[in-house]
Amino acid sequence: MTTLKQILCGTAVAGLVAGAGAAVGTQVGLSTVTADWLLAAEHVLLLGTDGTNLDKILEYAYNDDSGFKMLMDRGVTAATTIAGHQTMSTPSWSTILTGVWDDKHGVVSNVYRPEPYTTWPSVFNLIEYHKPEVDTTVISGRGLFTEMASTGGYPADNIIGITGGSTSAEMDALVTDETVARILATTENPDTSTFMFSYQSQVDHAGHSYSGGSEEYKEAVINVGANFKQILEAVAQAEAATGDRWTIIAVTDHGHQQTVTLPGFSLGHGFQTPNETSSFVMFSLAGNDDQAGGQNLSYQTVDITPTILQAFGIQMRSDFDGVPMQTDPEILNGFIMPVDLKQSLTDAINSYGYPDIGTNIMLSIRALAGGAGFFIGSYLLPPISNFLQTIIDQDIFLISGLAQGAQWLLNTVGGVVADVATDLGRAVAYLTGAGVIPPEDAPLPLPGSAEFSDSVAALLAGHTVAVPDLVDADLPLLVDIDALVG
């Protein structure tokens, strides 16, 4: 069911698309680049899978049992790279969810801080501020996303932290179940547009424990593909029930090294090898069926947030590094329809290499410095503390008491050391270019502030809606007149 608000949003961008058509010329599939599909999406679903190499998807999950293949058949796929940028999870997801690179948002480690997302609002904040009528949902077993969705004064409407499951695979299954339920629930309230972010973690866990070349990594990729298939089947069911169309994006934050560093441990990622900088974007734009099964040579992970905002007719920040994938002329001109998509994507993956040596050295220093505090606090201290706890639990005369004292000292001093290392890492990161570019746009006004009240008053002033003249526009009549007058 398409509502009047979408026609008003779509009209604002129709002229942009009309102008872009001449700029990109004629290519396979570009005849579909019209205002029609800009008005088609009622819902946007962002699927995140951590640390998932596209070449492994093509090797293990390019089949009818996989949601990866379903989405590639439904939309446009890009083999992307984040070479020249950090390959840690929190910096990379921050880029995806803010639309700016790390030289702006300044996130350099997996230690969470809310400040960057106040300076550089996340997609959740931007939707909630500009279009609070859109129902926003985050479903994740990882605290980064529930924290990020809570930050900045305009939290997501539904922040669902999944805590069950004894393994990352079991947790991902619970995330999948919740995502499917939320998608099907949209059929009960079809007049409400939605944005959902759903996150899968098991591939990254397998990569860290066993490497990206392991059987465990293979199994995790297959599992996530099966989870995505359930989610896409739920989308299809919702589309059939309501007539609404869904825009779906799948993305990963980084890749993984292919070898084991130590028994039971792989460094995984953090540096600039092509396997670590490997990423991908799969983009199924509602109504853009003619480009289904194609490839784009220009998508970047930084384009995700601008693309989502464009889908809801929300204005772009002037300081975004990314651009909307559905309207940017250069990106549209990067579309191809290969004879063999799998081979073409493999060729694109193999074409990527290392950044220049200066950038490589700089980012290696930043990764080591920025990750030191997180490594100490998350990987070094807990095993020692757990070992001491086993001695304490045995209640051995004198020895257990000494172990308890050692544990207290470790946690107290170790925590301080981790915090100091984190602060030093941020300083080193700043000196190597992270967070050095300030925003051009003003921060979002805090709810309850005078600036917020003025902005709301401005939005409500002259609240009578003028329906645009669509006589000469190449737009379908999408208004449900009965609903309007009823």
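# Close-up views of a predicted model

The count comes to 12 aromatic pairs in this chain. The model shown here is predicted.

**View 1. Phe-124 and Phe-195 form a tilted pair.** Here the centres are 6.1 Å apart. The planes make an angle of 35 degrees. Phe-124 lies in helix H8 (residues 123-130) and Phe-195 in strand S5, so the pair ties together parts that are 71 residues apart in sequence. Both Phe-124 and Phe-195 are buried.

**View 2. Ring pairs build a cluster.** Which residues does the cluster hold? They are Trp-93, Phe-124, Phe-145, Phe-195, Phe-197 and Tyr-199. Phe-195, Phe-197 and Tyr-199 are buried on one side of strand S5.

**View 3. Strand S5 (residues 194-200) is largely enclosed by the rest of the structure.** Why is S5 described as largely enclosed? Because 7 of its 7 residues are buried. In a regular strand, side chains alternate between the two faces of the sheet. Both faces of S5 are covered. Thr-194, Met-196, Ser-198 and Gln-200 are on one side. Phe-195, Phe-197 and Tyr-199 are on the other. Strand S3 (residues 135-140) runs parallel to S5, and 5 bridges join the two. Val-138 stands opposite Phe-197 of S5.

**View 4. Strand S7 (residues 278-284) is mostly covered.** How many of its residues are buried? The count is 7 of 7. One side carries Ser-278, Phe-280, Met-282 and Ser-284. The other carries Ser-279, Val-281 and Phe-283. Both of these faces are covered.

**View 5. S7 pairs with strands S2 and S6.** Strand S2 (residues 76-81) pairs with S7 in the antiparallel sense, over 6 bridges. Thr-77 has Met-282 of S7 as its bridge partner. Strand S6 (residues 245-251) also runs antiparallel to S7, joined by 4 bridges. There, Ile-249 stands opposite Phe-283.

**View 6. Asp-172 is buried without a salt bridge.** Asp-172 is found in helix H10 (residues 168-185). Where is the nearest side chain of opposite charge? That is Arg-142, and it is 10 Å away. Which residues touch Asp-172, leaving aside neighbours within four places in sequence? Its contacts are Tyr-199, Gln-200, Ser-201, Gln-202, Val-224 and Asn-227.

**View 7. Lys-69 lies over the face of Tyr-62.** The distance from the ring centre is 5.1 Å.

**View 8. The whole chain puts the close-ups in context.** The protein chain has 20 helices and 9 strands. Of its 486 residues, 51% count as buried. What share of the contacts with a separation of 6 or more comes from residues 24 or more positions apart? In this chain, that share is 77%.

Terms used:
Residues numbered from 1 in each chain as written. Predicted model: local features only at pLDDT ≥ 70, side-chain atom pairs only at ≥ 80, totals over all residues. Heavy atoms only, no water. Buried < 20%, exposed > 50% of the residue type's maximum accessible area, 1.4 Å probe, protein only. Lys, Arg positive; Asp, Glu negative; His and termini not counted. Salt bridge = Lys/Arg side-chain N within 4 Å of Asp/Glu carboxyl O. Contact = heavy atoms within 4.5 Å. Pairing = 2+ DSSP bridges. Phe/Tyr/Trp six-rings, centres within 6.5 Å; stacked < 30°, edge-to-face > 60°. Lys NZ or Arg CZ within 6 Å of the ring centre and 35° of its normal.
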